[in-house]
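Here is a short briefing on salt bridges and a chain interface. Take a look at the model, then read on.

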Amino acid sequence: MPASPGGRPPRAGTAAGGSGGSSSRAGAAPKPVRDGVLLGLAVGVSGLAFGAAAVSAGLTVWQTCALSLLAYTGASQFALAGTIAAGGSLVAGAAGAILLGSRNSLYSLRLSGLLQVRGAARLLAAVGVTDESTALALAQPDNAAARTGFFATFASLYLTWNAATLAGAIGAGKIGSPQSFGLDVIGPAAFLALIWPRLAAGWTERGVAAGGAAIAIAATPLLPPGAPIILAGSAALAGTLASRPVSAP
Amino acid sequence: MTGAWIAVLVTAAGCYALKLAGLTVPERLLRNARLRRFAELVPVALLAALVAVQAGAKGSSLVFDPARLAGLAAAVIALMLRAPFLVVILAAAGTAAGLRLAGIG
């Protein structure tokens, strides 16, 4: 896909379809870098809440930081801290946290074709697979921009999330509620902004998004937290079957 | 605290293995059109589910939080006006924070 000399590349294009023809011309920073760094900063701040929650649950500051450095997936980390805080067993806490992490497998399955990483780069890239880096990579118009966006988000979010975790763990109980700053809305608003271009791609995408949202809401009162998100993946299965006439060879 | 350390390290190892697993699938599998389409649609379904749950749930219960919903509505309006990413985020967080400051939600 040659870079269009005048305007921006079409954002609604398929991220998988491009052959990597991104060109950053002089002037404004390439969108994947700017947006990735901003996303990492905005979402990473909620590491404050995790750090505070984990220490309040009874983990030490070092254990709290080890989770953010090594597990580096917010939902799983909150799940482990939450189970410990609720007096649940450590085995149940770890099992629930790992189950919650299974959606990252589906993300990395999607990303493997875009990132094309091998060897040590693959071992490093695996650390960075999160909701945020996946969403930002998929919002890009071609493979090269997707790769750049993925690593920009990874770097920014990893640093911010871990710094915020440490600050939250040390300052547990001293900071105000993250909600009073509207921090709890940043995550969903960012995800919405990032799947927006995908929704413009076609009716199948819109149907899958609506189906996934409906399934997750319906299942929320019935299943432990996190499980409804995994279950929403079945909307993607339905969408795959529905789009058979288009994508079958 | 040894038990807690084991739980922390097992969780970290499990979460990492799950991330790595999807990146190590053989490339020929991804040439399958059906599987590729599925992999394309999975993030759309999961991220939309995350938006819905983060908007309307707390733990296992559905909640109605006017400030949170108004924040997301502001994000939708900003997106329809083709606002840049940062403006979308600021509109959402600012709306929620403002309403809570005013004692709503």
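Are Glu205(A) and Arg37(B) buried or exposed? Both residues are buried (under 20% relative accessible area, with exposed meaning over 50% and partly exposed in between; 1.4 Å probe, protein chains only). This is a predicted model, in which local features need pLDDT of at least 70, side-chain atom pairs count only at pLDDT 80 or more, and totals for chains, interfaces and linings use all residues; side-chain values use heavy atoms, without hydrogens and water. Residues are numbered from 1 along each chain as its sequence is written, and chains are lettered from A in the order in which they are written.

**The salt bridge between chains**

- Glu205(A) and Arg37(B) form a salt bridge, with their closest N and O atoms 3.2 Å apart (the rule: a side-chain nitrogen of Lys or Arg within 4 Å of a carboxyl oxygen of Asp or Glu).
- Glu205(A) sits in helix 11 (residues 203–219) of chain A and Arg37(B) in helix 3 (residues 33–56) of chain B, so the pair joins two chains.
- Helices here are DSSP runs of H or I, at least four residues, numbered from the N terminus.
- The interface of chain A and chain B has 1 salt bridge by this rule.

**Salt bridges within a chain**

- Arg37(B) also pairs with Glu40(B), at 2.9 Å from N to O.
- Arg37(B) and Glu40(B) are 3 residues apart in helix 3 of chain B, so about one helical turn separates them.
- Glu40(B) is buried, as is Arg37(B).
- Arg68(B) and Asp65(B) form a salt bridge at 3.3 Å, N to O, and both are buried.
- In chain A, a network of salt bridges links Lys31(A), Arg34(A) and Asp35(A).
- Over all chains, the count is 7 salt bridges.

**The interface**

- Chain A puts 94 residues in contact with 65 residues of chain B (contact: heavy atoms within 4.5 Å).
- The two chains bury about 6,900 Å² between them, 76% of it on carbon and sulfur atoms (the accessible area, 1.4 Å probe, that two parts lose on being put together, summed over both).
- Gln63(A), Leu109(A) and Val185(A) supply 9% of the area that chain A buries against chain B, more than any other three residues.
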